[in-house]
Amino acid sequence: MALAAINLSDVKVIFEGSTILENVNLTVQDGDSVAIIGPSGQGKSVLLKIMAGLVLPTEGKVLVRGENLSEISGARRQKVVNKIGMLFQKNALFDSLTCGDNIAFPLREVTDLDEQQIQKVVAEFLEAVGISHAKNLFPDEISGGMQKRLGIARALALNPDLIFYDDPTAGLDPITSRKIIDLILRLRAQNSATVVAVTNDMNRAYQMASRIWMVVDRQVVDAGSVEQTKQHQDLRIQQFITGAIRGPLTAPDSGAIND
Amino acid sequence: MMAIFQPFFNIISETGRVVQFFFQMLDVWKRKSISRDLMFEQIWKVTVQSSATTALAGFFVGAIMTVQFTMEMKDFGALGYLGGLSTSGTIREVGPLLIAFMLAGKVGAFTSAELGTMRVTEQIDAIRCLGADPIQELVLPRFIAIVISSFFLLGLGLLLSIFGGMLLGKYFSGVNYEEYLRHIPTIVSLPSILSGLFKCFVFAVVLAVICTHRGYSTTGGAKGVGRSVVQTAVSTMVAIVIADWATSLLADIALKIFLRSR
């Protein structure tokens, strides 16, 4: 039986005395495209970073391709990590490097390619995301949409088979958001990678996901496929996807959304 | 009752984390190579950043030492030893301390803010995610640069302090340049120089490990970066004074052993 891409069992995360997540049991199969939705501040990004091995859970086990990232090190860990790509919420571009060098960074660090080959790969990725003209510009010299594209290109530079997107359309106008999601889908169709994306934009979630999870009240609720999510009986999911002001998420005793 | 002791517990646990971070750095250094380009870039940055202020402060330290010693030595008719004594004092104590404070105020705060910003903008996470080690890429080049640059800056500060002392010696104390310089080689002994270099090294290590640790472990956005910078400034000043006491004690013991062996 093939190994799951990611498996979380009994994961609990406590940060500065507060429980962020508990009793999280999830599996992402190869080829899945999962959207994680949920109110702000509920731990969606933390969940993503746990899956990417950037945050260690306080309790529980996280297996990526059958390997527990907190227990392995050296070349064995590197082998797993090199197959993971991540687009960060604020892109996390290296502001002291040009756009071209941002993409070249992982290639120089991890691969044995010579400089000529690296420049060829950089040019291909810049072209794939449509910002070839920005190769020698610095990240703060390009627009937000172009920064997202650059972040995506850098995340994909090592040809990962497991890609995490943390709010890929945050702060972008609807047209640019649409273009970014189209780009993610197009690149996914090319490399058949497993994708896990955090988003609060339901239209984008429906557009890109085969499964939807909702993070709420320190738990992760598996809402199922897009159709199942739309028909889901959980009132919190219904309130979130319809954007209703009244409901369990905004109840006075709810920790989810309280102004 | 426990609340009274909480600040002490915090200091102890923070010290533990700094020491742990230092050993983590050493472990990475042992296993992985550091890019020379990155290191030289940082050495250049640190040295250029602090040269002007160190030179200015060095000049006035020499001037202050000369004025202070003049008052005491005039009564004993020993003004001829002015240059030797003030240079010895500068190289043994004031120089390393001055360099450490200059570096703490400027480079320490800058490094902490730089790494802190990289942490809160997730650049450090991105480096890990892209298969590199942020300690190897970001922390070690800065750590090594601070330690190496501190010796350049000590030399610069010392030269300027001698120059400042000579000028004040001539126009305030009436000691001409030749007289001022003549006793420097006789009074400034090898143990004094070694003691100064040892202190310079220890202060630079203390400063470098604290500022890189604070920056690297920043949490809480822009506010967190500000908090890290303030904590770096306060912690390094206190740690350097404590390190000064410890190194003075060690230097004194070493000097006694050295003198006994002759």
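Helices are DSSP runs (H or I, at least four residues), as are strands (E, at least two), numbered from the N terminus.

Who meets whom? The table shows the contacts (heavy atoms within 4.5 Å).

| Helix | Residues that meet the partner |
|---|---|
| H3(A) | A:Cys99, A:Asn102, A:Ile103 and A:Pro106 |
| H5(A) | A:Leu150, A:Ala153 and A:Arg154 |

Now to a loop residue. A:Thr199 lies between strand E8 (194–198) and helix H7 (202–208) of chain A. A:Thr199 is buried, with a relative accessible area of 2% (buried means under 20%, with a 1.4 Å probe and protein chains only). Among the residues that A:Thr199 touches, not counting residues up to four places away in sequence, are A:Ile36, A:Asp167 and A:Arg204. A:Ala170 is 29 residues from A:Thr199 in sequence, yet 7.9 Å away in space, C-alpha to C-alpha.

Residues are numbered from 1 along each chain as its sequence is written, and chains are lettered from A in the order in which they are written. As the model is predicted, local features need pLDDT of at least 70, side-chain atom pairs count only at pLDDT 80 or more, and totals for chains, interfaces and linings use all residues, while side-chain values use heavy atoms, leaving out hydrogens and water.

Technical notes:
Buried < 20%, exposed > 50% of the residue type's maximum accessible area, 1.4 Å probe, protein only.
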